Amino acid sequence: MASSDDVVHGQGVRVAVALALKVGIPKEISPQEKRVAATPDTVKKIQKLGVEVLVEAGAGEGAHFQDGAYAETGARVVQAEELWAEADLVLKVRAPTIREDGKHEADLLKEGGRLISFIWPASNKPLVESLAARKATVLAMDCVPRITRAQKMDALSATANAVGYRAVIEAAAAFPRFLPGQVTAAGRVKPAQVLVVGAGVAGLAAVAAAKSLGAVVRAFDTRPAVREQVESLGAQFLKFEFTESGEGEGGYAKQMSEAYIAAEQALIAENAKDVDIIITTAVIPGVAAPKLITSGAVVSMKHGSVIVDIAAEQGGNCALTERDKAVEKFGVLIVGYTDLASRMAAQTSELFATTIFNLLEDVWDAKQGDVVLDLDDEVHRGAVVLNKGELLWPPPTRVRPRSHAPQPEPVVPKPVPAPTPSRMGPVFILAVASLLGVAGLFAPTDFAEHLTVFLLACVVGWHLIWNVTPALHTPLMSVTNAISGIILVGGVLLLRTGGHGPVTILAGVAVLVAMVNVSGGFLVTQRMLKMFRRGEGKAAR
Amino acid sequence: MFASAQALAYLAAAMLFILSLRGLSAQETARRGNLFGIIGMGLAITVTCYALMYGRDLSTFGEASGILGGAIAVGGIVGALVAARVAMTSMPELVAILHSFVGAAAVLVGVASYLEPDAKTEGAHEAEIFIGVFIGAVTFTGSVIAFFKLRGTIGSKPLLLPARHALNAVMVGAAIVLGVLFLGQPDPVGLPWLLGMIGIASLLGIHLVMAIGGGDMPVVVSLLNSYSGWAASAAGFMLGNDLLIITGALVGSSGAILSTIMCRAMNRSIWNVVFGGFGVTPTSSSSKGAQPAGKVHETNAGDVAQLLLASKRVVIVPGYGMAVAQAQHPVRDLTDALQKRGIDVKFGIHPVAGRLPGHMNVLLAEANVSYDIVKEMDEINPEFERTDVVLIIGANDVVNPSALTDEHSPIYGMPVLEAWKAAHVIMLKRGMSAGYAGVDNAICYNDNTLMLFGDAKQSITKLLAAVQLEAKAA
């Protein structure tokens with residue numbers, strides 16, 4: 001009995017193992033790609049779902065995870081052919097592509113297999129079709145919706161964070177100077193000026209990295225809402241006044257009108273003159289990257305400056321970027337590496353492996369031991385591209401910001417309004433017009449002349465005061481007060497008649513009183529202004 | 001020949017005044033701006049005096065020139081003495097009383113111009129005189145009342161007579177009636193009407209400012225600043241002098257803008273400030289709103305010192321209480337002591353803190369606090385979340401969270417310093433009395449708020465001693 005029990009038990013185990021899904025982790029075949037979709041740590045977690053894990057030999061090499069480390073977890077280390085033939089579920093980094101032997105990875109996937117990786121379905125139509133032909137179930141890491149619950153599955157943000165950091169490191173390595181400012185015995189070192197274009201995840205990571213290296217950082221984005229995030233990292237947010245919000249759908253920036261881009265180019269060109277390093281991160285999903293740095297702006301940069309163009313994969317934000325190369329143009333090094341994430345492969349693999357495991361866990365049904373999609377679930381619905389060969393992308397609720405519909409609505413740029421209070425405008429104009437009307441009817445000509453002078457002076461005064469810093473309001477008030485003592489001149493003019501009369505006395509008192517005002521006002525202003533001082537003044541000199 | 005030279009000199013003076021105001025817009029150029037103003041004024045006065053003497057026979061004119069020289073000398077010396085002596089904490093009073101001088105001068109010049117024998121007698125000229133004198137009189141008495149209110153001679157509570165709007169309307173109406181009568185009279189005969197109007201305008205000035213609460217004083221002072229400009233401009237019209245017109249208009253519009261900026265900072269319209277009688281209704285309306293529970297946490301200087309030394313980022317929010325207690329010097333010493341220990345100290349200034357626009361900045365500058373660490377509301381608000389300790393010194397309404405949360409609060413909608421977002425809030429206060437808006441402050445009852453009662457100067461001095469003691473012990 002005992003032995004037969006054993007046999008039954010043994011067979012049961014074997015049946016269970018045979019029924020359990022096999023999860024394959026292939027080696028990435030793109031030469032640019034050093035990441036891997038699972039680390040030994042996440043392999044252990046995947047196994048706990050009750051599946052067997054196959055890892056292609058050398059899969060973790062680029063990310064510094066040895067085959068032995070995978071083998072220790074109990075995963076089987078196999079060759080590519082075996083892996084593709086056996087795996088029911090494949091976890092990958094890059095979208096499937098053509099191998100050296102001419103076979104497409106998509107065609108190697110088991111009929112009815114499951115695949116989770118980056119897919120970019122908008123620009124990879126043929127890939128989606130051939131996967132559909134395999135009756136595959138495909139989840140795209142790049143389609144995970146950017147909602148709070150899905151943050152732990154957001155591979156794009158996790159990658160962008162590393163890319164932004166690395167971009168600064170690449171720039172710093174190529175920059176022939178210090179980033180932080182120092183005062184040394186051999187002279188003063190000025191801190192490097194860094195401009196970060198686009199304050200998404202990558203941009204903010206770049207801001208933080210540059211800031212922590214001691215550079216002076218300014219950043220720019222079309223979405224005014226990110227201003228606070230930029231400033232919270234201690235960088236200056238460049239003000240961009242143009243009436244068209246860049247807030248697109250899904251937390252990304254949207255594509256903007258031509259006039260808008262021209263205005264952006266102008267702002268960047270203006271800043272390019274005095275910055276040392278530019279990191280550009282402006283990418284809109286599925287659309288060629290906007291050319292924000294013109295070649296003119298590059299020419300105007302100092303020799304030895306560095307541009308790192310994170311958007312190089314989508315054509316680059318700089319007109320002179322060459323994909324996958326670091327080229328020197330007009331004395332400026334322009335770095336167009338598209339493998340910034342792979343340059344941090346150990347780290348980015350860990351992050352990617354965690355996000356892909358989180359997604360797998362989310363769609364995993366423990367009872368069936370398989371991927372089961374709930375199409376009412378926002379995350380599942382967003383991420384799924386194919387369900388058993390059926391095309392479910394794009395999800396219905398999302399308006400597609402994709403390449404086949406790149407026509408943005410024509411937006412007429414409006415000039416930036418003058419910073420005068422708009423409510424006052426019409427009232428003011430009306431008052432002036434009626435005043436002028438009355439004056440024209442009754443007043444002598446010299447009155448009209450005076451009125452002209454008066455109104456012009458009002459306009460000048462109105463425009464002069466708006467940009468006074470609040471700290472100077474008291475000195476401003478006391479200086480205007482002193483200046484209004486000009487009424488003294490009126491008193492002096494009235495003295496012209498001479499004599500003892502009341503006119504002379506009144507005028508004399510007026511002069512006296514106004515003079516108190518003049519001397520008191522100016523002197524007290526002088527006293528106040530002397531007190532205002534700047535702290536660093538002492539230290540720097 | 002000389003007339004055109006005079007006109008050019010006036011033009012130069014006007015340009016210098018414009019440059020002066022322009023210079024005052026930034027810290028770096030402010031002192032140069034003031035210098036331009038002084039040069040412009042000197043030029044204008046010299047040229048006018050010279051024009052007066054030019055071609056005159058001094059034997060018949062000696063007396064007038066004696067009066068002129070005497071008035072300028074005495075006025076100049078008195079002004080200089082006052083300016084040199086005044087304490088920075090009394091700056092609001094000084095500015096207010098100086099405004100009243102301009103008002104008085106405008107009234108005097110207007111009356112003198114009317115009485116001048118060879119003056120033009122057209123209706124337009126008389127109307128100019130009438131308007132100029134009216135503005136001057138309102139400015140004069142209004143500024144005097146503002147002066148007494150700021151000094152504390154008159155209580156800062158608004159005086160709200162029944163039917164005060166009707167009263168104002170009646171006074172304005174009466175002034176207009178008198179104006180019509182005045183214009184109907186031949187030249188010197190209309191004097192009683194003019195003097196009657198001065199009386200009414202004076203009452204109007206008193207009544208208008210009496211009805212305004214202490215918290216709104218920054219707006220009132222800058223409004224009076226504006227009026228003093230318009231008064232000078234009106235004098236320019238009556239004398240046919242472009243320099244007066246231009247300068248008056250510059251000052252007038254500058255004051256108007258400052259008032260607008262202040263009003264925006266309080267989320268109120270200028271009408272609401274001038275006619276609203278703010279600060280009395282709250283007793284009824286705050287009882288309607290969420291009444292904060294009355295439990296506060298009291299603390300002492302030693303505990304606060306420990307807390308300060310254990311923190312990395314400290315923000316100090318000064319208010320009128322710091323000015324009253326003249327605590328700015330001890331505050332600066334405390335700032336230095338903390339900075340010496342590597343603690344990041346910043347100041348957060350609300351636009352209407354104090355009784356004058358920019359009041360706090362002037363006080364901190366007097367105490368030699370670097371203006372780099374003195375931040376405006378928009379700069380400091382995002383930082384509170386990362387701040388360990390906020391030290392609120394005699395500020396109240398400008399840190400009241402009810403302004404954002406309680407729709408029934410009379411200050412609802414006013415942008416405030418969001419000090420309560422910091423990890424700890426230390427509130428230095430004399431007692432539990434309300435601020436000028438008369439509103440109870442919900443921040444006092446927060447769990448992360450500790451109250452340090454007492455005079456601000458004494459409290460800060462104790463705190464400084466405790467900080468130095470703690471630091472030595474550590």
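What percentage of the 541 residues in chain A is buried? In this predicted model, buried residues account for 51% of chain A.

## Overall architecture of chain A

Chain A contains 19 helices and 19 strands. When contacts between residues at least 6 apart in sequence are taken, 65% of them join residues at least 24 apart. The chain exposes about 24,800 Å², and 58% of this area is supplied by carbon and sulfur atoms.

Rolling a probe the size of a water molecule over the atoms shows where empty space is left. The count of cavities of 30 Å³ or more comes to four, and the largest cavity holds about 100 Å³ of space. Eleven residues line the largest cavity, and those closest to its centre are B:L208, B:V209, B:V220, B:L224 and B:Y227.

Three helices of chain B, namely α5 (123–151), α7 (191–210) and α8 (217–239), each supply at least two residues of this lining. The most is given by α8(B), with four residues. By class, the lining of the largest cavity comprises nine nonpolar and two polar residues, with no charged residues.

## A covered helix in chain B

Helix α15 of chain B spans residues 359–366 and is mostly covered, with seven of its eight residues buried. These buried residues are B:H359, B:M360, B:N361, B:V362, B:L363, B:L364 and B:A365. Just after α15(B), residue B:N368 takes a positive phi of about 70 degrees.

## Salt bridges within chain A

Side chains of opposite charge can pair when their charged atoms come close. Over all chains, a search of the whole structure finds 28 salt bridges. One of them pairs A:E105 with A:K92, with 3.5 Å between the closest N and O atoms. Because A:E105 lies in helix α5 (residues 105–108) of chain A and A:K92 in the loop between β4 (89–91) and α5 of chain A, the pair ties together parts that are 13 residues apart in sequence. With a relative accessibility of 1%, A:E105 counts as buried. A:K92 is buried as well, its relative accessible area being 1%.

A further salt bridge joins A:R343 to A:E170, where the closest N and O atoms are 3.3 Å apart. A:R343 lies in the loop between β15 (332–335) and α12 (345–363) of chain A, and A:E170 lies in helix α7 (residues 155–174) of chain A, so this pair ties together parts that are 173 residues apart in sequence. A:R343 is partly exposed, with a relative accessible area of 31%, whereas A:E170 is buried at 13%, a value under the 20% limit for buried residues.

## A partly exposed pair and a network

The side chains of A:E322 and A:K329 also meet in a salt bridge, with an N to O distance of 3.1 Å. A:E322 is partly exposed, with a relative accessible area of 27%. A:K329 is likewise partly exposed, with a relative accessible area of 22%.

Salt bridges in chain A also form a network, which links A:K22, A:E52, A:R76, A:E82 and A:E86.

Notes: Residues numbered from 1 in each chain as written. Chains lettered and ligands numbered in written order. Predicted model: local features only at pLDDT ≥ 70, side-chain atom pairs only at ≥ 80, totals over all residues. Heavy atoms only, no water. Buried < 20%, exposed > 50% of the residue type's maximum accessible area, 1.4 Å probe, protein only. Contact = heavy atoms within 4.5 Å. Areas by Shrake-Rupley, 256 points an atom, 1.4 Å probe, with all protein chains shown as cover. 1 Å grid on protein atoms, 1.4 Å probe; cavity = no way out; pocket = protein on both sides within 12 Å on 5 of 7 lines; lining within 4 Å. Points joined across faces, edges and corners; volume = space filled by probe spheres on them. Nonpolar A, V, L, I, M, F, W, Y, C, P; charged D, E, K, R; others polar. Salt bridge = Lys/Arg side-chain N within 4 Å of Asp/Glu carboxyl O.
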